[in-house]
Amino acid sequence: MPADRVMPTAEAADLIALTRQLAHRELAPQVVRHEADEIFPRDTFRLLGRAGLLSLPYPGEYGGGDQPYEVYLQVLEEIATVWASVGVGVSVHVLSCFGPAEFGTPEQRERWLPGLLGGEQLGAYCLSEPHAGSDPAAMRTRAVLRNDEYVLDGVKAWTTHGGQADFYKVMARTGTGISCFLVPANTPGLESDPPERKMGLTASHTTSIRLTDVRVPVENRVGAEGEGLKIALKGLDSGRLGIAAVATGLAQAALDAAVAYAQERETFGRAIIDHQGLSFLLADMAAAVEVSRAAYLSAARRRDLGLPFTRQASIAKLVATDNAMRVTTDAVQVLGGVGYTRDFPLERYLREAKVMQIFEGTNQIQRMVIGRSLAKDTKGIIRTAEGS
Amino acid sequence: MNIVVCVKYVPDAQADRTFSPDDNTTDRENVDGLLSELDEYPVEEALKLADATDGKVIVLTVGPEDATDAARKALQMGAHEAVHVQDDAIHGSDALATSKVLAAAIAKLEYDLILTGMASTDGSMGVVPAMLAERLGLPQITLASELTIEGGKAVIRRDNDASTEIIEASLPAVVSVTDQINEPRYPSFKGIMAAKKKPLQTWSLEDLGLTADEVGSAAAWTTVTSVAERPARTAGQVVTDEGDGGAKLVEFLAGAKLV
């Protein structure tokens, strides 16, 4: 049963209807095979791109959809309800365009964005390294300026869309700081390792990226030298909202499957949903899903108004992914033995939920961000949606 | 080339559909409606023809207020204009009355070709294209799995069980198309935005020069007198073979009058 939604405009409501139709007709029939065989659904991203779903929160003049995060994130949630791997992929692609869109010069936007947002290309970003995950400032990948080119050397880890993307947003050390570069996938010296053998999200390929003497022109540096970490962390605030929406969609899928099963399955002469023990479990799951949605939408609306939302994004990511872990675990419990088999999608949901507590900043890092922000902003400012 | 595509707003076939207890018509209150899936094919075919000939696609739908959604979906796919005939008196119309309303609306439009789906996904009558052609005095070629326009003629391929027919008709003509003819496109978000600015007219029976007594349940030639839910499936009977399995099987089949 899909979530009830109140959308801000008629076109946003039509957009959700289109997303559901695409998800139901085109995505759903492919999920099981791609996840089981670990096949990346490249064509699915082309389909979503042509429908305009890969560029929703970016400006219309560059091919984006001009949609607020409040709308984009609900589209993302609907996709993830049917296929979490694709939901994560859309979030990663959108985040890979964040640097040039927010920090690019007018010339860079003109040059890069129509391609990145046009729907045919897929993006990836390289921030983490084998020894630098939660602490990206410890990265070792270097970019050295020689004449008009930067020469990049190093190894990046955990790159979603590694080996599949058309371009990579790469963070690398320049001098004392870190800088952000756009590197086309066909640049000589950029190589992808085989995909990691993961517990879940197996249709989404995650790889290491090796950069050996990779040369990119100066124009491919986004922002000033040394501004890279700021760009990466600012992007992560938005990326965390994306993951919160994806986790909410996954939890919704687990809840829907559990409720459907609980209405059919009978024990002691009645449907198990009519046994209070299970009904209360389902009620707690439903409450968790709604709270997750409320948390990411509340943060998204702050972002859409141009207000600070770092703390709220971390809270949404923390709450939505912890809730997804609990809801998918309890959904397996509702189904009992069959929930543990691969004949039902519930055990897969559980495996998929786990990584959401880890990537886009572990939930320990989220708590750190929230904790630090508590010491700063306690002014209790009252604002209106009109601004000021 | 101007192409009129007749489309229908139907209850979502994925949902639980019921009949209204008052008059045995489709209950539209308790189920989401949408553009009939079989009508996406004529819309797609019209868009392709219009692209190739720099033509115009006008979608026409007859139905309750919400039927605008079906017309809007076609506009989002790329149709240029839409007409929605809406009048409370139309409720309960049979295929004959529906074809009358469609014909009266089409008579007010400029057209070279009229496209329809092969049937609706709710009523599944499949007779409206023929009735429409008859009322408009136009040739009809139905169940096309391929359509080409050449030299003022429409040429279709119709695939039968054991043969394939190639049939042509002079334009203007009414052509119904099957779900084999193309792969309908999805709207894009740009299409959704563009559709907001496209003309969508609403006409009443009066606009068409028709009166309430010509349509609706009262004027219908057919009436659904009762509806009943299909009984739930019951468990099958297991025949244990104790040397007489064959005989028992025949006994069962004979009992059900199957042999």
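Select domain 2 and domain 3 of chain A: their centres, taken over C-alpha atoms, lie 30 Å apart. In residue numbers, chain A is divided into domain 1 (10–117), domain 2 (123–225) and domain 3 (230–387), with bounds that come from an automatic or database domain assignment. The model is predicted, with local features requiring pLDDT of at least 70 and side-chain atom pairs counted only at pLDDT 80 or more, while totals for chains, interfaces and linings use all residues. Residues are numbered from 1 along each chain as its sequence is written, chains are lettered from A and ligands numbered from 1 in the order in which they are written, and side-chain values use heavy atoms, with hydrogens and water left out.

**Stop 1: between domain 2 and domain 3 of chain A**

Show the residues in contact (heavy atoms within 4.5 Å). Ten residues of domain 2 of chain A touch eleven residues of domain 3 of chain A. About 930 Å² is buried between domain 2 and domain 3 of chain A, and carbon and sulfur atoms give 74% of that area. Buried area here is the accessible area (1.4 Å probe) that two parts lose on being put together, summed over both.

Now pick A:Ser134, A:Met199 and A:Leu201, the residues of domain 2 of chain A that lose the most area to domain 3 of chain A; together they account for 51% of what that side buries. The side of domain 2 of chain A that touches domain 3 of chain A has seven nonpolar, three polar and no charged residues. In this classification Ala, Val, Leu, Ile, Met, Phe, Trp, Tyr, Cys and Pro are nonpolar, Asp, Glu, Lys and Arg are charged, and the others, Gly among them, are polar.

A search for salt bridges (a side-chain nitrogen of Lys or Arg within 4 Å of a carboxyl oxygen of Asp or Glu) gives zero between domain 2 and domain 3 of chain A. Two residue pairs are in polar contact between these domains, both at pLDDT 80 or more. A polar contact is a pair of N or O atoms within 3.5 Å; within protein, one must be able to donate a hydrogen and the other to accept it, and residues adjacent in sequence count only if both atoms are side-chain atoms.

**Stop 2**

Helices (H or I, at least four residues) and strands (E, at least two) are DSSP runs, numbered from the N terminus, and two strands pair if DSSP finds at least two bridges between them.

Select residues 142–146 and 149–160 of chain A, which are strand 2 and strand 3; they run antiparallel and are joined by five bridges. A:Ala143 stands opposite A:Leu152 of strand 3 of chain A. Strands 2 and 3 of chain A form a hairpin with two residues between them, and A:Asn147 in the turn has a positive phi of about 55°.

A:Thr160 has A:Thr206 in strand 7 of chain A as its bridge partner. A:Trp158 is also in strand 3 of chain A, and its phi is near 60°, a positive value in a residue other than glycine.

**Stop 3: between chain A and chain B**

Show both chains: 16 residues of chain A are in contact with 14 residues of chain B. The two chains bury about 1300 Å² between them, with 54% of it on carbon and sulfur atoms. A:Glu11, A:Asp14 and A:Arg25 supply 40% of the area that chain A buries against chain B, more than any other three residues.

Which residue forms a salt bridge with A:Asp14? It is B:Arg72, the closest N and O atoms being 3.1 Å apart. Three salt bridges are counted between chain A and chain B, as are seven residue pairs in polar contact, both residues at pLDDT 80 or more.

On the side of chain A that touches chain B, helix 1 (10–27) and helix 3 (42–50) of chain A are the elements that give two or more residues. Helix 1 of chain A gives the most, with nine residues. By class, this side of chain A has six nonpolar, five polar and five charged residues.

Next, select A:Glu11 and B:Lys196, whose side chains meet in a salt bridge (2.9 Å, N to O). The pair crosses from helix 1 of chain A to the loop between helix 5 (189–195) and strand 12 (200–203) of chain B.

**Stop 4: strands 9 and 10 of chain B**

Move to strand 9 (residues 153–159) of chain B, which runs antiparallel to strand 10 of chain B and is joined to it by seven bridges. B:Ile156 is opposite B:Ile167 in strand 10 of chain B. The hairpin of strands 9 and 10 of chain B has four residues between the strands.

End at B:Pro172, in the loop between strand 10 (164–170) and strand 11 (173–177) of chain B. The peptide bond from B:Leu171 to B:Pro172 is cis, with omega near -5°.
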